[in-house]
Amino acid sequence: MGDWWTPAMMPDPSLDNKELSSISGISMSPSRQNSHHSLHSTMVLPKTSYSVISAFCTEENISQCIAYINQEVCSLGLTGVSLESESGGLSAVLVLNLLYEVLQLQRRAQRALHELETQQLKNSSDLEHLQHSNCRLKDQLEHTRRENSGLHEGERQLQLKIKTLQNCLKSEKEEVQKLQSIISSRATQYNHDSKRKERECTKLKERLNQLLMDKRDKKLSIEMSNYVGRSDGKRGLWKTSKMEARHEGEMYRALLSDYETRQRSLVLENSELKKVLQHMKKDMIAILSPKNVCVQPEPADDSLEQAVSEGEEEAGDRSRESLEQSCEQAREQLTNSIRLQWRKLKSHMERLDSQVSLEREGDEVMSRKEHEDEMQRMRLELQQCKEFIHMQQQLLQQLSSPCDEETAALLNDCYTLEEKERLKEEWRLFSEQKRNFERERKNFTEAAIRLGHERKAFEEDRAVWLKTQFLNMTPFVDRKRPALSEPHGALAVSTEPEAKLQSTPPLVTKSQSYSVFSTPKAAPVKMPSTADLYRTLHLIPESRGHGKCASGKMLTKSRLRNCSTDCSVISLVRDESSPV
Amino acid sequence: MNFSEVFKQSNQLCKVSPDGKYLATCVQYRLVVRDINSLQIVHLYTCLDQVMHMEWSSDSLFILCAMYKRGLVQVWSLEQPDWHCKIDEGSIGLVSSRWSPDGRHILNTTEFNLRVTVWSLCTKAVSYIKYPKACQKGVDFSADGRYMALAERRECKDYISVFVCDDWHLLRHFESETQDLAGLEWSPNSCVLAVWDSCLEYKILLYSLDGRLLSLYSAYEWSLGIKSVAWSPSSQFLAVGSYDEKVRILNHITWKKITEFEHPATIINTKAVVFKEVEKRPVVGSEDLSIHQLTVDNSLFSTQSKYEITQLPAQVPVIKPDPDRANPKIGISTLAFSADNRFLATKNDNMPQSLWVWDMQRLSLLAVLEQTAPVRCFVWDPRRPRLALCTGNTKVYLWSPAGCVSVNVPVEGSFQVQSLFWHCSGSSLVLLSKEHVCLCYVDAEEEK
C-alpha cells in the first residue's frame with residue numbers, strides 16, 4: 001500500500017485524459033482518495049482535498065496539466081504558473097501563489113455565492129410575499145367585484161321597486177283624482193238630493209198644514225176663563241198702514257238713537273284723544289324750543305330750523321284754533337303739524353343721541369391714553385400674577401403630590417427619552433467596541449490559526465523525524481531510504497504515511513467536524529499539545545531539525561493559506577502523537 | 001253662606017219670577033209657587049199632566065206650563081188663582097212653547113217645525129208663522145222685547161224675519177247669506193242681529209235691525225266652525241267660540257277681530273292664576289265617630305275640597321275627542337260675559353274640568369279653575385263680577401276676582417248640584433239637583 005502513493009510508483013495513464021468534470025465523480029470514492037495524493041490536493045476543494053488529485057495529474061502529464069491549469073488560470077485572469085522553471089519542475093512559490101489566488105477567488109466566489117443565495121432567498125421570500133399579497137389582492141378584488149355585483153343587483157332591484165312604486169303612485173294619483181271627481185259628483189248629487197228632499201219636505205209640510213187646516217182640527221183650541229189685558233194696559237190696535245209706518249218709524253228711531261249714542265261716545269272718545277294730543281303737542285313744543293336755543297350757534301341749520309319751528313308753531317296754533325272748526329280741514333292740518341313736529345322731535349332725538357355719543361367720544365379721547373396705559377399696566381400685572389400663581393400651583397403640586405400621574409408619565413416620557421438617547425449613545429459606543437472586539441477577535445483567530453499552522457508544521461516535522469527515527473531503527477531502513485529522500489519536493493507527502501495510517505473512511509466527515517475547531521477557541525486547547533511538541537522537539541535536537549524547520553516554515557506558510565482541513569490534519573497528528 | 005231647606009222638583013223645572021219675588025217649581029203635574037223670602041207656598045196649581053216646560057211671563061203675572069206629550073199648554077195667573085187658560089195644539093203636536101216678551105202671547109212651535117202658532121191671551125187670536133227653521137237657536141227676542149227675529153227656511157234658502165212683537169207685524173224679511181243657518185241672536189242694545197252658520201262653515205253675519213248686512217266674519221275655512229256665540233252686555237263685544245278651541249272677540253265698530261283667546265293645554269301665561277281643586281277626605285277622630293255625628297252630619301261622608309294655586313306652567317287635563325262621532329267633544333261650547341262686561345268665562349269641551357276666565361280689559365287670561373269633575377254649569381252673578389259653577393257633586397264653587405271658594409251644600413242626604421242660577425238680585429243662588437232644589441244665600445257673606 002505504501003508504494004502506491006509515491007508518484008513514481010503510480011503511473012495511471014488512464015487518468016490522463018480524464019475530464020475535470022469526471023474528477024469530482026472519482027473523488028468520491030474513498031479508496032482512491034486514500035491512495036492518491038499529490039500537489040493538486042491544494043487546488044481542489046477542501047472537502048475533497050485528499051482524493052481528487054490522483055486522476056488529474058500524473059508524472060507524465062505534468063506539463064499538460066500545468067498548461068491546462070495555466071490556461072484555466074489565465075481564463076480566470078490570474079498570472080499563470082510559468083512552466084519554464086529552471087529546475088524543470090514547478091516553482092512552489094508560484095504555484096502556491098497561484099493557489100492562494102485561486103483560493104481567494106474561490107472564497108470570493110463562495111462569498112458571492114453565499115450572498116447571491118441569501119439574495120436569492122430574500123428574493124424568493126419577497127416573491128413569496130408578493131405572491132401572497134397578490135393572492136390576497138386578487139381575493140379582495142374578487143370580493144369587491146362580488147360586492148359590486150351585489151350592489152348592482154340591489155340597485156337594479158331598487159330601480160325596479162322605484163318603477164313599481166312610481167307606477168303605484170301614478171295609479172294612486174289617478175285613483176285620488178277619480179275619487180275626487182266622485183266626491184265632487186257625490187257632493188253635487190248630495191246637494192241636489194238634499195235640496196230635493198227639502199223641497200219634498202216643505203211640500204209635505206205644506207200638505208200637512210193644509211190638511212190640518214182643512215180638517216178644522218177641533219182640538220186646536222184655546223180655553224180661557226177671561227181675556228187678559230195687555231201688559232202695557234193699552235188696547236190692541238188694528239193692523240193698518242199707519243201702524244206699519246209707525247213700526248218703521250220706531251225701528252228707525254231705535255237705530256238712530258243707537259247711532260246717536262254711538263256717535264256721542266265716539267265724539268267723547270275723540271275729544272279725549274284730542275285733548276291728549278294737544279297736551280302732547282304742547283309738551284313737544286316745550287321740549288323742542290329750548291333745544292333751538294341750544295342749537296343756535298350752528299349757523300347752517302339755524303335759519304331753517306327757526307323757520308320750520310315757526311311754521312310749525314303757526315300750524316299748531318292754526319290747528320288748535322281749527323280744532324273747533326270743521327273736522328275735515330282740521331284733520332289735515334292736525335296730522336300735518338303732528339307729522340312735522342314728530343319728524344323734528346325725531347331729528348332732535350337723533351342729534352341728541354349723536355351729541356351724546358360725540359361727547360362720550362371726546363371724553364374717551366381724553367382718557368383713552370390713560371385708559372390704555374392703565375389697561376396695559378393692569379394686564380401686565382395680571383399676567384405676572386397669573387404666572388406667579390401658576391408657579392405656586394406647580395410648586396404646590398410638586399410638593400403635595402410628587403408623582404401626579406400625568407406629570408409623572410410626562411416626566412417618565414422625558415426621562416425615557418433622555419435615557420433612550422443615552423442608551424443609544426452607549427449602544428453606539430458599545431457596538432463600536434464590539435466591532436473593535438470583533439476585529440481583535442478576528443486577528444486573534446487568525447493568529448491562532450497561524451499558530452495552529454505552525455504547530456502543525458511542528459507536528460509534521462516531528463512526525464517526519466519520528467518516522468525517520470523509527471525507520472532507522474527498523475530493519476527496513478535500507479529499503480525505504482530512497483523513498484524517504486524522494487518526497488522532498490512533495491510537501492505534504494511527509495505526513496501522508498501517518499495520515500494514511502489513521503485515515504479511515506469516516507475521516508472525511510471528521511475532517512469537516514474538525515474544521516470547526518479551527519476557531520480561536522480551539523486554539524488554547526491545542527496549546528499544551530504544542531508544548532508537548534516542543535518537548536518532543538527537545539527530545540530530538542537533531543541537525544535535521546533545522547532543515548525540517550525550514551521546510552516546516554514553508555509548510556506553515558503554504559498551510560496558512562490553506563483551509564482549516566490542514567489544521568484538522570494537524571490535530572489528528574497531534575492526537576496520535578500525544579500518547580507518544 | 002246660608003242654605004235653605006230642600007224642596008222637591010222634577011225635570012229641573014224651577015224658575016224665579018222676573019221680579020224676583022216668587023219661586024216656581026214643578027213637581028210632576030203640580031206647580032208650586034213660593035215666596036222667595038219665606039219660601040212659603042203662595043200658590044199651588046195642578047196641571048193635566050207632567051209638566052215638561054215651565055216659564056214665567058215677563059211681568060211675573062203668569063206662568064206657562066207646557067206638556068209636550070199631550071200638545072197642551074196651561075197658563076196660570078198669580079193674581080187670579082182661579083183664572084186658567086188651556087191651549088191645545090191638537091194633533092199637530094208641540095215641541096216648544098214660550099212667552100212673547102210682552103207676556104200676553106204664547107208662541108208654540110209645532111212638531112216638524114211646521115209652523116209657529118202665536119196665541120194671544122188678550123184676544124184669543126191665533127196666528128201662524130210658517131217655515132220656521134229647526135236649528136240651534138231659531139228664534140230670539142230683542143232685549144227690549146220689541147222685536148223678534150225668526151230663522152226661516154224656504155226654497156232651500158235661509159231667511160230671517162223680524163217681527164214687531166206688539167202686533168206681530170212683519171217688519172223685515174230678508175235672505176241670509178248662510179249655507180245652513182244655525183242660530184241668531186240680538187245684541188243687547190237690540191240693534192244688531194248676529195247670525196251664524198252651522199258648524200260646517202265658520203261664518204258669522206251681522207245684520208242691522210233694518211236688514212242691512214253690516215259685516216261678515218270668517219276666521220277660517222274647511223274646518224268645523226262656530227260652536228257658540230255670546231254678546232257682551234254692553235253690545236261692545238261679540239265672542240265667538242269655535243271648534244278650533246279658540247274664542248274670537250269681535251268689536252262693535254268695525255266688526256273685526258280684536259283678539260283671540262286660545263285654550264292651551266299648558267298654561268304659561270304668568271299673569272294667569274290657575275286654581276286647582278284639591279279634594280281632601282276629612283280626618284275623623286274616634287271620639288267624633290258617635291252615632292249622633294254620623295246621623296246628623298252627612299258632611300262626614302262627603303269629601304272636603306279646596307283650591308290651591310298651581311305653579312306655572314300648569315297642565316290642563318285634556319280629553320281626546322272621538323273623531324268618528326258627530327258633535328265631537330272639542331271646542332268652546334259655552335261662553336258667558338259677566339254683567340259688568342269685564343270678564344268672560346269659557347269652557348272648552350275637550351278640557352271639561354277647566355273653566356277659563358278672561359279679563360276683557362286687558363284682553364288676557366285671568367284665571368283657570370281646574371275642577372276635579374267636569375264643569376256642568378256656570379253662571380255669572382247678574383249684579384257683581386261673581387261666577388258660580390257646579391260640577392255635579394255636592395259642592396258649589398264661586399269665583400270672583402278676589403279668589404275662589406268651594407262650598408259643600410250642607411243638606412241632609414247628598415245634594416248633587418246639577419245646575420244652578422242666580423236670583424236676579426244676585427243675593428241668592430238656586431241650586432238644582434236631580435229631584436230637589438235648594439237656595440243658597442250668598443249675599444250675607446259678601447256683605448261681611
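Which residue of S9(B) is the bridge partner of A:Glu223?

## Strand pairing between the chains

In this predicted model, the bridge partner of A:Glu223 in S9(B) is B:Lys86.

## Extent of the interface

The contact between the two chains involves 38 residues of chain A and 49 residues of chain B. About 4200 Å² of area is buried between chain B and chain A, and carbon and sulfur atoms give 55% of that area. Within chain B, the residues that lose the most area to chain A are B:Leu114, B:Lys124 and B:Cys156, which together account for 14% of what that side buries.

## Polar and charged links

Nine residue pairs are in polar contact between chain B and chain A, counting pairs in which both residues are at pLDDT 80 or more. Three salt bridges are found across the interface of chain B and chain A. A salt bridge joins the side chains of A:Glu198 and B:Arg153, with an N to O distance of 2.4 Å.

## Elements and residue classes on chain B

On the side of chain B that touches chain A, the elements giving two or more residues are strand S9 (84-88), strand S12 (115-120), strand S13 (126-130), strand S15 (147-154) and strand S17 (169-175).

Definitions and conventions. Residues numbered from 1 in each chain as written. Chains lettered and ligands numbered in written order. Predicted model: local features only at pLDDT ≥ 70, side-chain atom pairs only at ≥ 80, totals over all residues. Heavy atoms only, no water. Contact = heavy atoms within 4.5 Å. Buried area = accessible area lost by both parts, 1.4 Å probe. Salt bridge = Lys/Arg side-chain N within 4 Å of Asp/Glu carboxyl O. Polar contact = N/O pair within 3.5 Å; in protein donor to acceptor, adjacent residues only side chain to side chain. Helix = DSSP H or I, 4+ residues; strand = E, 2+ residues; numbered from the N terminus. Pairing = 2+ DSSP bridges.
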